[in-house]
Amino acid sequence: MELINENNVNDYKNALSVIYVSSPTCAPCKVMSPIIENLSTKYTNIKFGKVNTQENRDVALDLGVRSVPTTIIYKNGNEVERFIGIQKQNNLENIFNSL
């Protein structure tokens with residue numbers, strides 16, 4: 001999964017994509033990260049990227065992220081879903097299957 005920064009964030013916003021925002025020191029992120037990694041290998045038609053808030057805080061703030069983990073889904077240049085906290089893999093799969 002590619003790391004997102006100020007140079008490539010718009011590539012994700014304008015595609016069918018998942019932007020996963022997390023921090024290495026966040027305990028819930030450590031639970032959520034393997035779920036996102038697994039989904040990124042399963043849904044190859046969706047572009048997955050990750051924002052590390054410790055390295056790219058400005059990108060997270062520009063995305064309106066106030067807590068982590070946050071998972072944002074974009075389609076056709078629009079945010080279509082936003083989840084804060086740990087999400088069950090099957091719930092995310094249901095949403096990805098409907099895109």
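Rings of Phe, Tyr and Trp (its six-membered ring) are paired if their centres lie within 6.5 Å, with planes under 30 degrees apart counted as stacked, over 60 as edge-to-face and the rest as tilted. The model is predicted, with local features requiring pLDDT of at least 70 and side-chain atom pairs pLDDT 80 or more. Residues are numbered from 1 along each chain as its sequence is written, and side-chain values use heavy atoms.

**View A. Aromatic pairs around F96.** By the ring-pair rule, the count comes to 2 aromatic pairs. Y43 and F96 are edge-to-face, 5.2 Å centre to centre with 70 degrees between the planes. Y43 lies in the loop between α2 and β3 (47–52) and F96 in helix α4, so this pair ties together parts that are 53 residues apart in sequence. F48 and F96 are likewise edge-to-face, at 5.8 Å and 85 degrees. Ring pairs link Y43, F48 and F96 into a cluster. Both Y43 and F96 are buried (under 20% relative accessible area, 1.4 Å probe, protein chains only).

**View B. Packing of helices α2 and α4.** Helix α2 (residues 27–42) and helix α4 (residues 89–98) pack at about 35 degrees, their axes 11 Å apart; helices are DSSP runs (H or I) of at least four residues, strands (E) of at least two. Axes are fitted to C-alpha atoms over the stretch in contact, and angles run from 0 to 180 degrees between N-to-C directions. Contacts (heavy atoms within 4.5 Å) join M32, I35, I36, N38, L39 and K42 of α2 to Q89, L92, E93 and F96 of α4.

**View C. K47 and Y12.** The charged end of K47 sits over the ring of Y12, 4.6 Å from its centre (NZ of Lys or CZ of Arg within 6 Å of the ring centre and within 35 degrees of the ring normal).

Note on methods:
Buried means under 20% relative accessible area, exposed over 50%, partly exposed in between (1.4 Å probe, protein chains only).
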